[in-house]
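Subject: Structure handover

Hi,

Here is the structure I promised to pass on. Please have a look at it first; my notes follow below.

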Amino acid sequence: MSKLDVILGLQWGDEGKGKVVDLLSTKYPVVARFQGGPNAGHSIIFGDTSFVLHSVPSGIFREGSVNVIGGGVVLDPIIFRKECKDLEKLGVPVRDRIVISKRSHLILPTHCTIDAAQEASKGKGKIGSTLKGIGPTYTDKTSRQGLRVGDVLAPDFKERYAALKAKHIEYLKSFDFQYDPDKNEAEWLDAIEFLREFPIVDSEYLLADCLAKGQTILAEGAQGTLLDVDFGSYPFVTSSTTSCSGACSGLGVAPSAIGRVWGIFKAYCTRVGSGPFPTELFDETGETLRRIGHEYGATTGRPRRTGWLDLPALRYAIMIDGVTDLVMMKADVMDGFDTIKVCTDYIVNGKKTQVVPFDSAEEVTPVYKELPGWKTALSEIKEEKDLPKEFLDYVAYIEKETGVKISILSLGPDRDQTIIR
């Protein structure tokens, strides 16, 4: 039986997963998204084409690929339809390449309203929600009252929709929040008709059959491990399991089916929204990383917070996920730096530690090691033997500190600006 390989982010999301999935998907006829929703933004750039995927798996541009939207995903029909229409303008036959799990949950317009009302009520305690209705949809899922994609095939679907909408309206009475209860409803119901044009399947059986036939599957995660609802910087997290175990629960595959685990990280760190960020930079260096790295959210457009690479957090994510191969992104952003800093330890309550604190409010002081910069345009280099010594030393240092090989080096946004080691 073939194995299911997993690819996921090891930081706070925005690591560059879309490019790597697109790159690796030539080896995987099946790509499956296992969690998250349209709060994800996976950017793919090839030639003169640039596209941001929010719900559709990143193998969509590969001819003959099967792209599974898994049961752990929450799906907004309006956003999904727009994404598919935009892909069709590029000549992508979406109906031939996408299948949707019956178990994926639907995001209703009132979920987005609840998201906005809850975030507004938090005042200064905002978590930085994308306001896409993700959290409220997962709340309905865990409280066993959600609507699933498979429900659109039921003859009484509209009655089921109306019943859940009524519950949402009742809940919203507890907030001082003005809204239109019918906003986007007509468009949403129309998008449901579009959704019905796709294969809506028992994806757990489909994936099991693929594995039994010897087909390789790439399970694609959204956001990043440090945003995991259980093991991230709670409460400043997303509402799903972004770590490797989420591939099992989100796709209905056994842990024994998992093979390689590709862990993606930036050569520095970024974060969108609130929450702890020990290595965050508030100076010109941080602004330089943001400017050169184009660090603005692919989904929200918000400026990303920037900082140096955090090894304690990276080691933690590697441990949680069982990473077998590292993928380093965007080292080229630091081409002009004379020195590079890496956080090796934390000082917490006066003691040096490499343990990521349980309490996200804990005051953490980073301990840094300085390494020489490479002062070379990495994006112009095509072969590993031509990489500057200082950069290879940086790579070797991270491998030594994490105990995991960096198998892929991304040296620019394009598919071709990649070295597979």
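The side chain of Arg271 reaches the backbone oxygen of Ser274 at 3.2 Å. It also reaches the backbone oxygen of Phe236, at 2.7 Å. Both are polar contacts (N or O atoms within 3.5 Å, one able to donate a hydrogen and the other to accept it; residues adjacent in sequence count only if both atoms are side-chain atoms).

Before the rest, two notes on the source. This is a predicted model: local features need pLDDT of at least 70, side-chain atom pairs count only at pLDDT 80 or more, and totals for chains, interfaces and linings use all residues. Residues are numbered from 1 along each chain as its sequence is written, and side-chain values use heavy atoms, with hydrogens and water left out.

Back to Arg271. It sits in strand 12, residues 269-271 (strands are DSSP runs of E, at least two residues; helices are runs of H or I, at least four; both are numbered from the N terminus). Arg271 is buried yet has no salt bridge. Buried means under 20% relative accessible area, exposed over 50%, partly exposed in between, with a 1.4 Å probe and protein chains only. A salt bridge needs a side-chain nitrogen of Lys or Arg within 4 Å of a carboxyl oxygen of Asp or Glu. The nearest side chain of opposite charge, Glu280, is 8.2 Å away (Lys and Arg count as positive, Asp and Glu as negative; His and the chain ends are not counted).

Now the rings. The whole structure holds 11 aromatic pairs. Rings of Phe, Tyr and Trp (its six-membered ring) pair if their centres lie within 6.5 Å; planes under 30 degrees apart are stacked, over 60 edge-to-face, the rest tilted. Trp12 and Phe277 form a tilted pair, 5.1 Å centre to centre with 50° between the planes. Trp12 lies in the loop between strand 1 and helix 1, and Phe277 in the loop between strand 12 and helix 10, so the pair ties together parts 265 residues apart in sequence. Trp12 and Phe277 are both buried. Trp374 and Phe391 pair edge-to-face, at 5.0 Å and 75°. Ring pairs also link Phe80, Phe194 and Phe198 into a cluster.

Last, the backbone. Most residues other than glycine have a negative phi, and most peptide bonds are trans. The bond from Tyr234 to Pro235 is cis, with omega near 5°. Arg144 has a positive phi, near 65°, and is exposed at 75% relative accessibility. Asn184 has a positive phi of about 65° and is partly exposed, at 39%.

Best wishes
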